[in-house]
Amino acid sequence: MSTTDERPLASADEPESPTNRPGSMHLVKQWLQRPYVRRLLWITVAITAVIIALSFVMVAFMNMSGGPGSAIMNEIEKTMFVLTFTCAPLMAGTLAVLTYSWWGGWGSVASRDEPTSDGPAIQTNGVAVVTWITVCSVLAAFLVVWGLVELATITSDSYGSVPANQQPNSAKPVVVNVTGQQWLWSFDYPDSGNIKSDQLVLPVNVPAYFNVTSLDVVHSFWVVEEGVKIDANPGAITNTGFTPTKLGTFNVRCAELCGLHHAYMETQVKVVTQEQFNSWIREQGGTTTS
Ligand SMILES: [Cu+2]
C-alpha cells in the first residue's frame, strides 16, 4: 500500500488489543479501495446482469408457444425468476473470481506492487463472519419458505381448487381419463357420454381433473404451457389438474423416456370457450348438461 496515513493492519507479531485493532468497517473500506476488489465487483455486477437478462430471454422463449396457460404456470415462472434473481449474484461472484484468475488478474496485482497479503484472517473480523452467516441463513430460509408456499399453491391448484378470483361460476371440474401407450395419448370424457379423442379439448376457466394411467410402460403426461406433469403408470391411476386461463392450442408431450418413438409421443390441448366445448362434445356423439 503506497499510502502511509492509514492505520496499519494488525499482524501476528503485534497482538491485537482494543487500542490497535482496526475497526471492521475500516477494514472493509480498505478492502474496497483495492483495485482488484473493485474489478471483481464490477465483473460480478456485469455477470449478474447477463444472467438476469438471460432469464428473461429464456422465459420469453418458453412463452413463444402461447403460455403461461394457467395460474400454475404463472407461479412456476415467477418462482424461476425469484430463484434466478436470488442466486445470480452468488453465481456471478464465483464466475468473477474464475474469470479474473483465467485472465491472470492476480499476476497483475503482484506486478503493480500492490499488497499481497489480505491483512488479518477473516475469522477475526466479527462483522464479516456475522454478515456472511446472516446473509446465507436469510437467503436459505427465504428459499425454503418460498418453495414450500409455491409448492402448496400449485399443488392445490393442480387438484382443481383455483384461487377465488379465477373461479368462474363455481363450475364443476371437467374430468378426463388420460391413457398413455407407446406412443400416443388418448382422452376419455366419462361425464360426457364416454367420448374418446386423441386430442385434449378443454373449456377455458373451468377446472380440469385428470385420471392418468398407461397401458404398457411408464410415460409422463406433460401439459407444457399449463405447467402440469405427472407420471402415467401401468396398473395405477395418478391424478392432477389445472384450470386453463387462456384460449389457444398448447402442447401435450410425454416427459418420460418410454421407447423408440418417445420423442414423437405428443399431441395438443385445445382450450376453447364453454360453448365451443359443448358443441365439440356433441359433434363427437357425447352428451352435455348445459
Ligand atoms: Cu415417452
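These notebook entries record what I looked up in a predicted model of one protein.

**Entry 1: ground rules**

I number residues from 1 along each chain as its sequence is written. Because the model is predicted, local features need pLDDT of at least 70 and side-chain atom pairs count only at pLDDT 80 or more, while totals for chains, interfaces and linings use all residues.

**Entry 2: the whole protein**

I began with the secondary structure, which comes to six helices and 10 strands. Helices (H or I, at least four residues) and strands (E, at least two) are DSSP runs, numbered from the N terminus. I then looked up burial: of the 290 residues, 21% count as buried. A residue is buried if 20 or more other C-beta atoms lie within 10 Å of its own, exposed if 12 or fewer, and partly exposed in between, with C-beta atoms placed from the backbone. For contacts, I noted that among those between residues at least 6 apart in sequence, 72% join residues at least 24 apart. Two residues are in contact if their C-beta atoms, placed from the backbone, lie within 7 Å.

**Entry 3: the sheet with S1**

I traced an open sheet of five strands in the order S3-S2-S1-S5-S8, with mixed pairing. Its edge strands are S3 and S8, each of which pairs on one side only. On average, neighbouring strands of this sheet are turned by 25° against each other, direction ignored. Two strands pair if DSSP finds at least two bridges between them. I recorded that S1 and S5 pair in the parallel sense over seven bridges. Valine 176 stands opposite phenylalanine 210 in S5.

**Entry 4: the sheet with S6**

I found another open sheet of five strands, with the order S4-S10-S9-S6-S7 and mixed pairing. The edge strands are S4 (200-203) and S7 (228-232), each pairing on one side only. Here the twist averages 20° from one strand to the next. Strand S6 (residues 219-223) and S7 pair in the antiparallel sense over five bridges. Phenylalanine 221 stands opposite isoleucine 230 in S7. I also noted helix H6 (residues 274-283), which lies across S4 and strand S10 (266-272) and runs at about 135° to S4. Axes are lines fitted to C-alpha atoms, for helices over the stretch in contact, and angles run from 0 to 180 degrees between N-to-C directions.

**Entry 5: helix H5**

I checked the length of helix H5 (residues 126-158): at 1.5 Å a residue, its 33 residues should span 48 Å, and its end C-alpha atoms are 47 Å apart, which agrees. The expected span is 1.5 Å times one less than the number of residues. Of these 33 residues the number buried is three, so H5 lies largely in the open. The buried residues are Ile154, Asp157 and Ser158. What covers them includes H3, S7 and strand S8 (238-242).

**Entry 6: H3 against H5**

I looked up how these two helices pack and found an angle of about 170°, with their axes 10 Å apart. H3 and H5 are therefore roughly antiparallel to each other. Angles under 35 degrees count as roughly parallel, over 145 as roughly antiparallel, 65 to 115 as roughly perpendicular and the rest as oblique. Residues of H3 in this contact include Ala71, Ile72 and Val82, and those of H5 include Leu139, Leu143 and Trp146. The residues of the contact divide into eight nonpolar, four polar and three charged. Ala, Val, Leu, Ile, Met, Phe, Trp, Tyr, Cys and Pro count as nonpolar, Asp, Glu, Lys and Arg as charged, and the others, Gly among them, as polar.

**Entry 7: isoleucine 76**

I located isoleucine 76 in helix H3 (residues 71-102). It counts as partly exposed because it has 18 C-beta neighbours inside 10 Å. Leaving out residues up to four places away in sequence, isoleucine 76 touches Ile154 and Gly227. The C-alpha atoms of isoleucine 76 and glycine 227 are separated by 7.2 Å, although the two residues are 151 residues apart along the chain.

**Entry 8: backbone details in loops**

I noted a cis peptide bond, with omega about 0°, joining glutamine 182 and tryptophan 183. Tryptophan 183 lies in the loop between strand S1 (174-181) and strand S2 (184-189). Asparagine 194, in the loop between S2 and strand S3 (195-197), has a positive phi near 55° though it is not glycine. With 12 C-beta neighbours inside 10 Å, asparagine 194 counts as exposed. Asparagine 205, in the loop between S4 and strand S5 (208-214), also has a positive phi, about 60°. Asparagine 205 is partly exposed, with 19 other C-beta atoms within 10 Å.
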